[in-house]
Amino acid sequence: MPKIVEITLTPKDSADSAAYTAAAIAAAGLKSPADVAFCRVVRRSIDARRHTSGIPGVRVNMAVELWLDAEGKPDPVHFEWGDVSNVPASREVIVVGAGPAGLFAALELIELRYKPILLERGKDVSARKADIAAIQRNERVNPDSNYAFGEGGAGTYSDGKLYTRSKKRGNFRKALEILHFHGADESILYEAHPHIGTDKLPRVIAAMRETILRSGGRILFGTRVTDFLLSPDSGAVIGVETQSGERITAQAVILATGHSARDIYELLHARGILIEAKPFAMGVRVEHRQELIDRIQYKTVDPYLPAASYSLVAQVPSGKTGTRS
Ligand SMILES: Cc1cc2nc3c(=O)[nH]c(=O)nc-3n(C[C@H](O)[C@H](O)[C@H](O)COP(=O)(O)OP(=O)(O)OC[C@H]3O[C@@H](n4cnc5c(N)ncnc54)[C@H](O)[C@@H]3O)c2cc1C
């Protein structure tokens, strides 16, 4: 069993593996680094409150896992998705939308030995970039490839904050490990406020696509679902029709079309399929200079500290609003 020790360091020492390893070894009461086979950070959070810990200014709280000599090392995060290319048609499932919900659904299906047929109205994550640039340059919006639509879904060009720890939504730890396995930095597994980074997120999404294709899943871009095929006997959904008139049938259909697909909500309503309204949520983007936020949150500017985060919550008479950055 590894030993977990809690340590508190300066931002500089927390960024230096030799310094935090030495601090963890001392905190564990071990004599020498030779007693430790492997050391890794499992939790990290920044505390900028005024305090009396003995370390002036901002401190970093860390939990460090020490694997002692005889125990070897933990295995790196690894996943293997089987090959579903030759499963019978009865194990084919249509997934509509290649946002986070659709991509993770496709991987989960493969794990359960179903073959996902992923239908995405937009383009792949790199081709989509050109359409987003055109919005900024010419204010020209491609209705199927824009900030909301296209591989990766709505938040693809954000910095990919991964703050949820809600267990009711499933195994969030596994979701983080899958993202790390596909190229996200290991720190997302232990940072208190992890984020993937705008520069890396499209590459992570492309790697997830490669896993789906390599495992025998199908992905069709530029394929907008425009209708559902319903069984004349039971009324159950047995497939979909796309904008080109193509009809695709499967064992089941997973709708992962996100908030912005109004045409899909209209279609569900027109086809008499039960839909339920969720409370309305609206996001407002507020931009601040990062240095200002760092000064407010950390009371200092330190090259060893990451960009500070903050949340702003206001109560209004009709309910609550919240903003995060
Ligand atoms: C600017 C921005 C920044 C964000 N930042 C973050 C963040 O940092 N962290 C975070 O957790 N969340 C963030 N979010 C929210 C997050 O993006 C969404 O919660 C998430 O994308 C929802 O995933 P989804 O797969 O359900 O839907 P979506 O991401 O909306 O994906 C739906 C997919 O379905 C496709 N589609 C729609 N209709 C059809 C159709 N008829 N046929 C075929 N395909 C269709 C769309 O093209 C799209 O790719 C952000 C959102 C925005 C807009």
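**View 1. Ring pairs link Phe79, Trp81 and Phe181 into a cluster.** The model is predicted: local features need pLDDT of at least 70, side-chain atom pairs count only at pLDDT 80 or more, and totals for chains, interfaces and linings use all residues. Residues are numbered from 1 along each chain as its sequence is written, and side-chain values use heavy atoms, with hydrogens and water left out. A pair of aromatic rings is described by the distance of the centres and the angle of the planes. Rings of Phe, Tyr and Trp (its six-membered ring) pair if their centres lie within 6.5 Å; planes under 30 degrees apart count as stacked, over 60 as edge-to-face and the rest as tilted. The count by this rule is three aromatic pairs. Phe79 and Trp81 are stacked, because their ring centres are 5.3 Å apart and their planes are at 20°. Both residues are buried (under 20% relative accessible area; exposed is over 50%, partly exposed in between; 1.4 Å probe, protein chains only): the relative accessible area is 16% for Phe79 and 13% for Trp81. Trp81 also pairs with Phe181, in a tilted arrangement with 5.9 Å from centre to centre and 55° between the planes. Trp81 lies in the loop between strand 3 (59–68) and strand 4 (92–96), and Phe181 in helix 5 (residues 172–181), so this pair ties together parts that are 100 residues apart in sequence. Helices (H or I, at least four residues) and strands (E, at least two) are DSSP runs, numbered from the N terminus. Phe181 is partly exposed, at 29% relative accessibility.

**View 2. Arg91 lies over the face of Tyr114.** The distance from Arg91 to the ring centre of Tyr114 is 4.0 Å. A charge sits over a ring if NZ of Lys or CZ of Arg is within 6 Å of the ring centre and within 35 degrees of the ring normal.

View 3. A backbone N or O atom of Gly150 is 2.8 Å from an oxygen atom of the ligand. A polar backbone atom of Ala154 is 2.8 Å from an oxygen atom of the ligand. For Val225, a polar backbone atom lies 3.0 Å from a nitrogen atom of the ligand. On its own the ligand has 1,000 Å² of accessible area, of which the protein covers 70%. Accessible areas come from the Shrake-Rupley method with a 1.4 Å probe; for residues, only the protein chains shown count as cover.

**View 4. Ile94 is in strand 4 and is buried.** Its relative accessible area is 0%. Neighbours within four places in sequence aside, Ile94 is in contact with Ile117, Leu119, Gly239, Val240, Ile248, Thr249, Ala250, Ala252, Val253 and Ile254; contact means heavy atoms within 4.5 Å. Ile94 and Ile238 are 144 residues apart in sequence, with 9.5 Å from C-alpha to C-alpha.

**View 5. Thr242 lies in strand 8 (residues 237–242).** This residue is buried, with a relative accessible area of 2%. Not counting residues up to four places away in sequence, Thr242 touches Thr223, Arg224, Val225, Thr226 and Ile248. Val225 also has a polar backbone atom 3.0 Å from a nitrogen atom of the ligand.

View 6. Arg113 is placed in the loop between helix 3 (100–111) and strand 5 (115–119), and is partly exposed at 43% relative accessible area. Glu139 lies in the loop between helix 4 (125–138) and helix 5, and is exposed, with a relative accessible area of 72%.

**View 7. The chain has eight helices and twelve strands.** Along its principal axes the C-alpha trace spans about 75 × 50 × 40 Å. Of the 325 residues in the chain, 35% are buried. Among contacts with a separation of 6 or more, 58% are between residues 24 or more positions apart. The chain exposes about 19,500 Å², and carbon and sulfur atoms supply 52% of this area.

Conventions
Polar contact = N/O pair within 3.5 Å; in protein donor to acceptor, adjacent residues only side chain to side chain.
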